[in-house]
Amino acid sequence: MLIRVEAVGVCASDVKCYHGAPKFWGDENRPAWAQRGIIPGHEFVGTVVAADQNATVQRRMSIGDRIVCEQIVPCEECRYCRRGQYWMCAPHEMFGFRGFNGAMAHYVLVPARARAHRVSASIPPQHAAFAEPLSCALHAVERANIQFDDVVVVAGCGPIGLGMIAGARAKNPIKVIALDMSDEKLALARRCGADLIINVGRDDAVKIVKDLTDGYGADVYLEGTGHPAAVAQGLNLLRKLGTYVEYSVFGSEVSVDWSIIGDDKELDILGAHLGPHCWPAAIKMLESGELPMDGICSHQFPLAEFQTAIDLVGNPSGGSVKVSILP
Ligand SMILES: [Zn+2]
Ligand SMILES: [Zn+2]
């Protein structure tokens, strides 16, 4: 399919790739994964303007449909794809990084292997494009296997953290607690369903959570900040036998006392990557209007101002949540 791009979110990973992070461009320990000459942009929505038989017959998509695509384009041949674990596909081709041009452009070619989902034309395009980060956040929540009686703590109220809060709230535990340094983002967290917000720049989150739980600690900790201090914080505020889910990409190595994980608390430490099997739920959530999307999608720029958009995402004091480009 060929789609005309309506909106593309600027991700923290786009900024890291733009500035040459080793995770994308390699270092002495790993080869480059990103490819030169690829147009960035993996959080996109667009309208189908041309389609071949594969799209119209097999996918049952039509010209004029509005679609979002999963950022990974699975090979369908590797060990992971053959076992249905397509989000861990070994070649790991992704729109905007490797194999396929992304959506910071007027048009994107959607290959036959891409995973596309229809989305309502009645929501603003930047909201529809948020299906990508939201599906990732929902996958992190699913990894945590939240129970009704759980106290769930979400660290970080950026796009992923806010999605985690909304997802955790949808699982209906006793309490969802949001942590951040920004009062504005914490206010959004409340609108996403947080029962309690804690500004970790002012207050001691570990103490507050312990006090709230008769000294035991939280049942679940979802880490979405990418800040090394948030790792130790999570290990410290979890109860014994608690669950820690890591979603972030870190800019530096993290040192913690690993004996907390085993000898002290017997924690479950889980990773999460991409948003497998969460796209329909993410799209439903966006279409329902239950999320404060006008607050989350804080900034929109035309394609010509992509540099401003990238710089804003890279500026921690820039006051943005989700920055989008509307080509
Ligand atoms: Zn992203
Ligand atoms: Zn594969």
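1. **Basis.** The model is predicted: local features need pLDDT of at least 70, side-chain atom pairs count only at pLDDT 80 or more, and totals for chains, interfaces and linings use all residues. Residues are numbered from 1 along each chain as its sequence is written, and chains are lettered from A and ligands numbered from 1 in the order in which they are written. Helices (H or I, at least four residues) and strands (E, at least two) are DSSP runs, numbered from the N terminus.

2. **Domains.** The domain assignment gives domain 1 (2-130 + 297-326) and domain 2 (137-271). Such bounds come from an automatic or database domain assignment. The C-alpha centres of the two domains lie 27 Å apart. Five residues of domain 1 are in contact with six of domain 2; contact means that C-beta atoms, placed from the backbone, lie within 7 Å.

3. **The open sheet.** Six strands form an open sheet with parallel pairing, in the order β10-β9-β8-β11-β12-β13. β10 and β13 (268-271) are the edge strands; each has a single partner, so one side of each is left without a neighbour in the sheet. On average, neighbouring strands are turned by 20° against each other, direction ignored. Two strands count as paired if DSSP finds at least two bridges between them. β8 (residues 151-155) and β9 run parallel, joined by five bridges. Val153 stands opposite Ile177 in β9.

4. **Helices across the sheet.** α7 lies across β8, β9 and β11 (218-223), at about 165° to β8. α10 (residues 228-237) lies across β8, β11 and β12 (238-246), at about 170° to β11. Axes here are lines fitted to C-alpha atoms, for helices over the stretch in contact, and angles run from 0 to 180 degrees between N-to-C directions.

5. **Helix α8.** Lys185, Leu188 and Ala189 are buried in α8 (residues 183-191). They cover an arc of only 105° around the axis, which puts them on the same side of α8. The arc is that of the directions from the helix axis to the C-beta atoms. A residue is buried if 20 or more other C-beta atoms lie within 10 Å of its own, exposed if 12 or fewer, and partly exposed in between, with C-beta atoms placed from the backbone. The cover over these residues includes α7 (159-170), β9 (175-180), β10 (196-199) and α12 (293-296). Gly193 follows α8, and its phi is positive, near 120°.

6. **The core.** The largest nonpolar core has 96 residues; Ala131, Val152, Val153, Val154, Ile165 and Leu222 touch the most other members. Helix α6 (residues 131-143) gives the most to this core, with seven residues. Both domain 1 and domain 2 give residues to the core, so it lies between them. A nonpolar core is a set of buried Ala, Val, Leu, Ile, Met, Phe, Trp, Tyr and Cys residues joined through C-beta atoms within 7 Å.

7. Cys297 sits in the loop between α12 and β14 (299-302). Is Cys297 buried or exposed? Cys297 is buried, because 24 other C-beta atoms lie within 10 Å. Leaving aside neighbours within four places in sequence, its contacts are Gln126, His127, Phe130, Lys322 and Ser324. Ser324 is 27 residues away along the chain, yet the two C-alpha atoms are separated by 7.2 Å. β14 pairs with β15 in the parallel sense over four bridges, and His299 stands opposite Val323 in β15. β1 (residues 2-10) pairs with β15 (residues 323-326) in the antiparallel sense over three bridges. Val8 has Ile325 as its bridge partner in β15.

Note on methods
Two residues are in contact if their C-beta atoms, placed from the backbone, lie within 7 Å.
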